[in-house]
Amino acid sequence: MESNIVEQAHAYRNRLFPGFDSPFSVTDPEFQERFDAFAFGEVPASDNLDDKTRLMAILAALVGCRGIEAFQAMAKGAFNVGVTPVEVKEIVYQAVPYLGLGCALPFLHATNELLEHRLVSLPLEGQATTTMATRAEAGAKKKAELFGADAVGTVASGYADAARIDGWVESHCFGDCYTRTGLDDAQREMVAFCFLVAQGGHDEQLTGHARASMRLGNDAGFLVSVLAQCVPYIGYPLVLDALRCVECAAAALEKADA
């Protein structure tokens, strides 16, 4: 069994990074052996996620935890299994409303450098479907589709002076970002889920996004598989906390449907 895992890890790692040998194989061989067996053997063998979904979840988690060097490495693997330049760019763009430019900027620079190295012409084809005049209305509509009509304009409820933030959530996060092509709604909710998991400390929002994700077809089993992919890159405590949020979200949906 252990030899099979090692063989699977070696084959999967070579699929992601053909012809590449990590320098840690020389400086830290015991660490590299066990990490590879876990991250590229045990973890992917534990579910039936396709490679693109797995790598997109990992990239989102790495942005969420500010893991820029690991992101640069895994993005190369993501391109090798079919994740497109547009999809990687959309993950990074979506990080801005969730994590802020302070976090997202290094990842935007890193993505551009990776694409230029691959001789991809920039800028990529535009994905925007709204204008400055239509973004607010479109964002409110998109938010209602994902979270329900009662969710529109309620982020900062109770604080009259903060109403502008509710408006920005709708016009910026949903109107500017979620209305873009390049990723579908289910993919965007998975990406947002991974951002929140990797940050930690956002249980209420994480539970809400888990519910929205489940409504889009990303059921609890899928979200647990996504969390499993995150373990090697963000560790157990954040993932264990997120598992409880998934459980709460599933219970709430079950109760609502009863």
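Start with helix α3, residues 29-45, and helix α12, residues 220-234: they pack at an angle of about 170°, with axes 9 Å apart. Axes here are lines fitted to C-alpha atoms, for helices over the stretch in contact, and angles run from 0 to 180 degrees between N-to-C directions. So α3 is roughly antiparallel to α12; the cut-offs are under 35 degrees for roughly parallel, over 145 for roughly antiparallel, 65 to 115 for roughly perpendicular, and oblique for the rest. Helices are DSSP runs of H or I, at least four residues, numbered from the N terminus.

Before going on, this is a predicted model: local features need pLDDT of at least 70, side-chain atom pairs count only at pLDDT 80 or more, and totals for chains, interfaces and linings use all residues. Numbering runs from 1 along each chain as its sequence is written, and side-chain values use heavy atoms, leaving out hydrogens and water.

Who touches whom? From α3 come F35, F38, A39, F40, V43 and P44; from α12, A228, Q229, V231, P232 and Y233. Contact means heavy atoms within 4.5 Å. That set splits into 10 nonpolar, 1 polar and no charged residues. Nonpolar covers Ala, Val, Leu, Ile, Met, Phe, Trp, Tyr, Cys and Pro; charged covers Asp, Glu, Lys and Arg; the others, Gly among them, are polar.

Next, salt bridges: a side-chain nitrogen of Lys or Arg within 4 Å of a carboxyl oxygen of Asp or Glu. The whole structure has 12. One of them pairs D51 with R15, at 3.2 Å, N to O. D51 sits in helix α4, residues 51-64, and R15 in helix α1, residues 2-16; this links distant parts of the chain, 36 residues apart.

Last, the backbone. L122 and P123 are joined by a cis peptide bond, omega about 0°. P123 lies in the loop between α7 (101-117) and α8 (135-147). R66 is a non-glycine residue with positive phi, near 65°. Its loop runs between α4 and α5 (68-80).

Note on methods: Helix = DSSP H or I, 4+ residues; strand = E, 2+ residues; numbered from the N terminus.
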